[in-house]
Amino acid sequence: MRRLLATAGASAVSLVSPAAAYAAQPVDWQMRFQPAATDMMAQIEWFEKYTLWFIVPITALVLILLGWCILKFRASVNQNPSRTSHNTLIEVIWTVGPVVILLFLAVPSFQLLTAQYTPEEEAKLTLKATGNQWNWDYEYQIDEPLTFNSALMPDADRAAAGKEDRAVYPRLLTVDNEMVVPVNTMVRVLVTAADVIHAFAMPAFGVKTDAVPGRINEIWFKANKEGLYYGQCSELCGKDHAYMPIAIRVVNDDQYTTWLAAAKSDLPGANKALMAATDSAAKVAAAGN
Ligand SMILES: [Cu+2]
């Protein structure tokens, strides 16, 4: 049994590791979350596992009780049903029990919610993400703001952009210009929309918020792992809702500074240079393993 589990574990690791070297993205037959790339997502994962300790036993208990009642009290073996209608002890237990369980769920749940609205430090970089039908505008709110559009990459353009490797640049998730942010840096994203309601979501970072025209919603994240991460617009926003992915490239400080300086005058060139730098770094890391 132990060997079986070990084999299953090893194959699960080998399933996710090629992608994990580069990025967090959905995988076929995925049952769980993408690997967490922020402390916040790690906390969300912890809370999800914690709630399962309540959900699974309660579901099992209810199922067993149901089965027991169906079998034991079926008409053919229980022709004179009991007419008992009140039992104070049982009523106290089934009132107090759920209250205690709800308290065990509510306290960490509210703590998590509070943590999501309380960044532990001031953001070092502020970006604005504006949802359009059906692409995103990103604005770097720095001394000389950098603005660019990020849209789904048509298959015909993949070769010219050097994005032919479908493991790293998957169908329906690859964009022309990724959002680029430095690793281990607190980033604030101001999310809004220009036409209809969209939603900015990045599963590996544990962030998702609506992009509402005329309003600004704020999210923040501090990615702790370099790589390329994928999310999608998560609010039905029209016929091409499924075709407005979000891609964030998390890089080291030097790569970010170089990219930012170059991106102001030549965004495609800056992106290509950055891809070359991160790809060679990934190959060195893979060789090191
Ligand atoms: Cu949308």
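Which protein donors does the copper ion have, and how far from it do they lie?

**Entry 1, basis.** I worked from a predicted model, in which local features need pLDDT of at least 70 and side-chain atom pairs count only at pLDDT 80 or more, while totals for chains, interfaces and linings use all residues. Residues are numbered from 1 along each chain as its sequence is written, and side-chain values use heavy atoms, with hydrogens and water left out.

**Entry 2, copper site.** I looked up the donors (N, O and S atoms within 2.8 Å of the metal, or 3.2 Å for Na, K and Ca; water is not among the atoms, so sites may look incomplete). For the copper ion I found His198 (ND1), Cys233 (SG), Cys237 (SG) and Met244 (SD), at 2.0 to 2.5 Å. The angles among the four donor atoms are 94 to 128°, and I recorded the site as tetrahedral (four donors, all angles between 85 and 135 degrees). Along the chain the donors follow the spacing H-x34-C-x3-C-x6-M. His198 lies in strand 7 (residues 198-202) and Cys237 in the loop between strand 10 (227-232) and strand 11 (245-251), so this pair ties together parts 39 residues apart in sequence. Strands here are DSSP runs of E, at least two residues, numbered from the N terminus.

Cys237 has a relative accessible area of 4%, whereas Cys69 is partly exposed at 38%.

**Entry 4, strand 9.** In strand 9 (residues 217-221) I found four of the five residues buried.

Technical notes
Buried < 20%, exposed > 50% of the residue type's maximum accessible area, 1.4 Å probe, protein only. Tetrahedral: all angles 85-135°; square planar, octahedral: opposite > 155°, others 65-115°.
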